[in-house]
Amino acid sequence: MKIGIIDADLLDKGTRHPNLALMKISGFYKNKGYNVELVDDYSTINKYDNVFMSKVFDFTNVPIDVNKYDNLEIGGTGFFGINAPNLPDEIEHYMPDYSLYDDYIEKEISKGVKPSVYSDYRDGSIGFITRGCFRKCEFCVNKKYDKPVKHADIDEFLDNNRKLIYLWDDNFLAYPGWKEELEKIKATGKRFQFRQGLDIRLINNEKAEILSNMKYHGDYIFAFDHIKDKEIIEKNLKIWRNYCKKTTKLYVLCAYDSQDVDDIISVFERIIILMKYGCIPYIMRYKDYENSELRGMYITLARWCNQPSMFKKNSFRQYCRDVKSNGEGSAAMRYLTEFEDKYPEVAKKYFDLRYEDLKEI
């Protein structure tokens, strides 16, 4: 049989991450002796006996009517949201086929794309040790489980030829056996990273000490989604910083609760707290920002914060002035000026704050 694999996110606008479900499907069918190919053109679907297509994002464009193909099976949160069906157990717990994207990557590199763009495809073993989260945030698609449960041992997806381990757990620190699982990761001798971040609200002295002394890859990443969590997040950031001086980022969700000046104030208030603890905000814009009259402010805030070198050296005002003088974004200064004219007291309070001036730790 001839099996086709379609990563719809990749074919639309590209994606930083490989599709884990598709790699498992590929590994399963290759082991049966089937010919498995990554499909790069929707027009070729009919040449395969079976085609498996997945998309992670609901905004990914699929330019075909998927119901017209008898040989096509679709899956993923991009199609079904929180109701996305699970893979059959025999496939879910199969070793991913890490070679699935190799030909595609080589083709893109030959066109001049930098190899580093595909580091997530080539460098790491990918999987879930646990699945689920008890928080059930409204904006999150991971609501299938009432609490984190053990999903797989690391050996299930560990490729010893890959130098890193990328874990996609939903809320690892809420799993009762977190310490034992970290010991298993440590035993591999490889650097690892929780790619979806960790829950800073669950940090305590024991977790902070153990995590900060692991062979962690890249920045530690947490989240600061709502200003109402200010008290617990400040308390736990203080604990964290007693043990870890390495770069720490926190996702800052915006434009979800509202898309007005109060939401912009909430973003700045969270930024101030992160500056105080020597942390870097990473602005995550909920899609509704696109319809806000403050759309330009959301864009500019993200560009300022999401470039750590810019964020550490410049206040928001300095950043907007610098990108204008460099000819890279005169719109930034226009967005700042329009906002300041309408909300002068807000601008006065926040626009000139600097990371180096507020940093205490």
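Me: Which exposed residues does the face of H7 turned away from its buried side carry?

Reply: Happy to start there! That face carries Lys186 and Ala187. Please keep in mind that we are looking at a predicted model.

Me: And which are the buried residues of helix H7?

Reply: Helix H7 covers residues 178-188, and its buried residues are Trp178, Glu181, Leu182 and Ile185.

Me: What makes these buried residues line one face of the helix?

Reply: Look down the axis of H7: the buried residues fall within an arc of 100°, so they line one face.

Me: What do the buried residues of H7 pack against?

Reply: They pack against strand E7 (149-150), strand E8 (164-167), strand E9 (191-194) and helix H8 (205-212). After H7 comes Gly189, with a positive phi near 80°.

Me: Why is strand E1 described as largely enclosed by the rest of the structure?

Reply: E1 spans residues 2-7, and five of its six residues are buried, so the rest of the structure largely encloses it. Buried here means under 20% relative accessible area.

Me: Which strands are joined to E1 by bridges?

Reply: Strand E2 (residues 35-38) is joined to E1 by four bridges, and the two run parallel. In that pairing, Lys2 has Asn35 of E2 as its bridge partner. Five bridges join E1 to E3, again running parallel, and there Asp7 stands opposite Ser54.

Me: What makes the phi of Ala255 worth a remark?

Reply: Its phi is positive, about 65°, although Ala255 is not a glycine. As a general rule, most residues other than glycine have a negative phi. You will find Ala255 in the loop between strand E11 (248-254) and helix H10 (261-276).

Me: Is Ala255 buried or exposed?

Reply: The cut-off for buried is under 20% relative accessible area. Ala255 has 0%, so it counts as buried.

Me: How do you know that Lys24 and Glu92 form a salt bridge?

Reply: The rule asks for a side-chain nitrogen of Lys or Arg within 4 Å of a carboxyl oxygen of Asp or Glu. In this pair the closest N and O atoms are 2.6 Å apart, so the name salt bridge applies. Lys24 lies in helix H2 (residues 20-31) and Glu92 in helix H4 (residues 89-92), so the pair ties together parts that are 68 residues apart in sequence. Both partners are buried.

Me: How many salt bridges does a search of the whole structure find?

Reply: The search finds 25. One of them joins Lys228 and Asp229, at 3.6 Å from N to O.

Me: Why is Lys228 called exposed, and why is Asp229 called buried?

Reply: Exposed means over 50% relative accessible area, and buried means under 20%. Lys228 has 67%, so it counts as exposed, while Asp229 has 11%, so it counts as buried.

Me: What makes Arg354 partly exposed?

Reply: Partly exposed is the range between buried, under 20%, and exposed, over 50%. Arg354 has a relative accessible area of 24%, so it is partly exposed. Its side chain meets that of Asp357 in a salt bridge, at 3.4 Å from N to O. Elsewhere, salt bridges that share partners join Lys150, Asp153, Glu181 and Lys184 into one network.

Me: Where is Ser315, and why is it called buried?

Reply: Ser315 sits in the loop between helix H12 (308-313) and helix H13 (316-325). Its relative accessible area is 1%, under the 20% cut-off, so it is buried. Leaving aside neighbours within four places in sequence, Ser315 is in contact with Trp304, Phe351, Asp352, Leu353 and Arg354.

Me: Which residues form a nonpolar patch on the surface?

Reply: Val56, Phe57 and Phe59 form it, with about 290 Å² of accessible area together. Phe57 lies in the loop between strand E3 (50-54) and strand E4 (72-75). With a relative accessible area of 34%, Phe57 is partly exposed.

Definitions and conventions
Residues are numbered from 1 along each chain as its sequence is written. This is a predicted model: local features need pLDDT of at least 70, side-chain atom pairs count only at pLDDT 80 or more; totals for chains, interfaces and linings use all residues. Side-chain values use heavy atoms; hydrogens and water are left out. Patches are made of residues with over 30% relative accessible area and no salt bridge: like charges are joined within 9 Å, nonpolar side chains (Val, Leu, Ile, Met, Phe, Trp, Tyr) within 5 Å. Accessible areas come from the Shrake-Rupley method with a 1.4 Å probe; for residues, only the protein chains shown count as cover. Buried means under 20% relative accessible area, exposed over 50%, partly exposed in between (1.4 Å probe, protein chains only). The arc is that of the directions from the helix axis to the C-beta atoms. Contact means heavy atoms within 4.5 Å. Two strands pair if DSSP finds at least two bridges between them.
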